[in-house]
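Subject: A structure for you to look at

Hi,

Here is the structure I promised to pass on. Have a look at it first, then read my notes below.

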Amino acid sequence: TNLAGGDYSKVSEDVADTGGWGVLTLADRLLSDDDRLGRWYLGGAIFALAVVAPFIAWRRFATPFFVGLSLVTMILTLHEWPVHHLFYLLPRFRQLHQHLPDHILTVFYIGPALLAGATVSAFRDVSSRWKATILALAPIAVAGVIDNRLRATAPPLDSSNGPHHIPAKTLVSIAAVSLLLLLLVWVRPLRLRMIATVALVLVVFLDPTGRLVLGRLDGDPHDAEWSATVDGYTSASGAAVFLQQRQAESSEPFRFFGYDPRPTLVESGPGRRTYVSEYRDPNVMALLVNNQAILLGLDDVQGYNPVQLSLYSTVIHAVNVRDQGYHTANILGSGWNSPVLALLNVRYLVIPSQVPPGRPDLLHLSQRCRTVYADERVRVVEVDDALPRAWIVHDLRKVKRATILPSLRKREFDPRQTALLSSNPPETAPPADPAQDRATVVGYQPERITLTTSTGAAGLLVLSEIDHPDWHAYVDGKPVGIYQTDRVLRGVPIPAGDHVVELRYDQPSLRLGLLASAATALVVALVVLALGLQHRRSHPQPVGP
């Protein structure tokens with residue numbers, strides 16, 4: 001699972017379990033060109049050819065396997081059948097599959113695609129013209145039955161608007177396949193049969209419904225609105241250029257986030273929208289949200305991440321004091337003023353340039369924080385008291401893990417002076433002059449962070465980085481332990497004096513996986529070599545005169 005923490009049973013009800021589909025719902029999704037359903041679209045031509053394959057190519061092209069693959073994957077998208085319980089014997093399969101059973105369709109399309117190819121290859125070899133004629137017309141009959149059942153379904157299969165039926169364009173594709181199969185049966189000249197075969201392949205590739213669906217899902221590169229959207233995300237706005245300049249000028253890294261929590265934009269839950277839903281809105285693009293920071297080379301504290309760490313979900317929940325989509329980590333209207341935000345090294349906020357009536361949050365931010373950039377859409381405000389990326393504390397307290405984040409939400413708590421740990425803290429001492437403590441980031445890469453520190457007494461170097469067991473710390477080249485600090489951050493014990501601290505990401509499972517892959521590739525190469533030598537010995541080349 002790519003869910004932070006790996007347990008869907010703990011996710012809120014609106015995203016935890018969608019259940020299965022009915023048979024007609026599955027048919028509706030596979031054959032419909034509806035905007036919302038289009039991502040499951042199979043294609044009329046592929047559907048027609050796959051229906052015929054079991055009757056003319058059962059003994060060829062591994063047809064039984066691909067028929068079985070197609071049927072089993074379709075069944076697994078439905079409400080529970082006995083087949084489901086067989087698969088539930090696999091560890092964790094039930095929990096993962098019940099979360100979104102339609103994801104099984106990711107592997108479904110392999111089956112119909114190969115069956116369609118089997119039909120194209122085998123249809124001309126059918127001995128009986130009348131059998132071939134019946135098979136050629138079968139897709140139309142099957143589609144007609146499905147269409148009739150869909151139209152008769154009441155109430156609607158789901159919450160989407162409009163009638164449920166097979167679109168006319170899909171029916172035309174199915175009819176075109178049936179017509180071309182008939183030509184392969186009844187046309188005598190070889191040239192015409194070859195033309196019919198080529199036309200059959202072209203129908204598959206030029207299925208009009210599939211082309212329309214792709215255009216709606218991925219955007220038309222010739223569409224002016226779509227081009228403007230792409231340009232908005234790939235080119236740096238004035239606010240982005242300003243932040244890039246500040247980053248280049250600053251000796252310390254910093255983070256930022258865009259903020260405009262209108263309920264239709266960032267609130268979560270059934271029927272609510274997110275920044276992602278409004279990605280084409282110029283006002284949303286101007287906020288530098290939706291992971292634009294990755295393209296801009298900036299550090300954002302929010303966005304969409306399908307593999308975010310469970311601890312990061314924890315800290316964002318502590319900021320907002322509410323759940324949101326389990327792959328989404330946005331600062332909501334309930335979290336813009338949270339003291340927990342200090343842990344994330346947020347120095348800048350991108351907010352709307354104008355403060356509309358009834359927005360005390362934006363008014364407060366615009367008055368409390370200094371405006372350092374502004375244009376017609378947004379302004380960038382600076383948080384003067386933001387925590388740095390790393391700092392040193394000498395007051396360490398052991399408390400219960402469950403009480404740490406609630407304590408951090410209290411404004412009287414200062415993470416600059418005190419660190420909370422749930423394990424036994426290392427030995428520290430108060431320095432003669434705390435103002436002389438220094439922690440400077442001198443190297444910052446995805447898998448390696450280097451800092452220089454200076455302190456008059458032993459302390460704990462706290463980094464505004466999410467804790468993870470595969471990070472390892474070294475002080476002057478010697479390994480030291482990392483303490484989970486303030487529930488979610490990394491803490492490295494340092495002695496008095498000047499030191500170089502390095503953190504490296506080292507994942508043993510990655511090394512093991514690379515070793516296993518290399519060993520497997522070597523075994524395969526040796527097997528292929530051995531088979532080749534055996535073939536040469538058993539089939540010696542004739543010696544010439």
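Before the strands come up, one definition: two strands pair if DSSP finds at least two bridges between them. Helices (H or I, at least four residues) and strands (E, at least two) are DSSP runs, numbered from the N terminus.

Also keep in mind that this is a predicted model, where local features need pLDDT of at least 70, side-chain atom pairs count only at pLDDT 80 or more, and totals for chains, interfaces and linings use all residues. Residues are numbered from 1 along each chain as its sequence is written, and side-chain values use heavy atoms, with hydrogens and water left out.

**The whole chain**

The protein chain has 20 helices and 17 strands. Of its 545 residues, 44% count as buried (under 20% relative accessible area; exposed is over 50% and partly exposed is in between, with a 1.4 Å probe and protein chains only). Among the contacts (heavy atoms within 4.5 Å) with a separation of 6 or more, 69% come from residues 24 or more positions apart.

Strands of a sheet pair through backbone hydrogen bonds, either parallel or antiparallel. Here, 5 strands make an open sheet with antiparallel pairing, in the order β10-β11-β17-β13-β14. The edges are β10 (438-445) and β14 (478-480); each has a single partner strand, so one side of each has no neighbour in the sheet. From one strand to the next, the twist averages 25°.

Inside this sheet, β11 (residues 448-455) and β17 (residues 497-505) run antiparallel and are joined by 8 bridges. Which residue of β17 is the bridge partner of Thr453? That is His499.

**The four-stranded sheet**

Another open sheet has 4 strands in the order β1-β4-β6-β5, and its pairing is mixed. β1 (255-258) and β5 (370-374) are at the edges with a single partner strand each, so one side of each is left without a neighbour in the sheet. Direction ignored, neighbouring strands of this sheet are turned by 25° against each other on average.

β5 and β6 (residues 378-382) run antiparallel, with 4 bridges between them.

**A pair of helices**

Two packed helices are described by the angle between their axes and the distance between the axes. For α3 (residues 44-56) and α10 (residues 168-186), the angle is about 45° and the axes are 7 Å apart. Axes are lines fitted to C-alpha atoms, for helices over the stretch in contact, and angles run from 0 to 180 degrees between N-to-C directions. α3 and α10 are therefore oblique to each other (under 35 degrees is roughly parallel, over 145 roughly antiparallel, 65 to 115 roughly perpendicular, and the rest oblique).

On the α3 side, the contact is made by Gly44, Ala45, Phe47, Ala48, Leu49 and Val52, and on the α10 side by Thr170, Ser173, Ile174, Val177 and Leu181.

**Two loop residues**

Most residues other than glycine have a negative phi. Arg92 is not a glycine, yet its phi is positive, about 70°. Arg92 sits in the loop between α5 (82-87) and α6 (93-99), and is partly exposed, with a relative accessible area of 46%. Asn290, also not a glycine, has a positive phi of about 55°; look for Asn290 in the loop between α15 (282-286) and α16 (292-296).

Cheers
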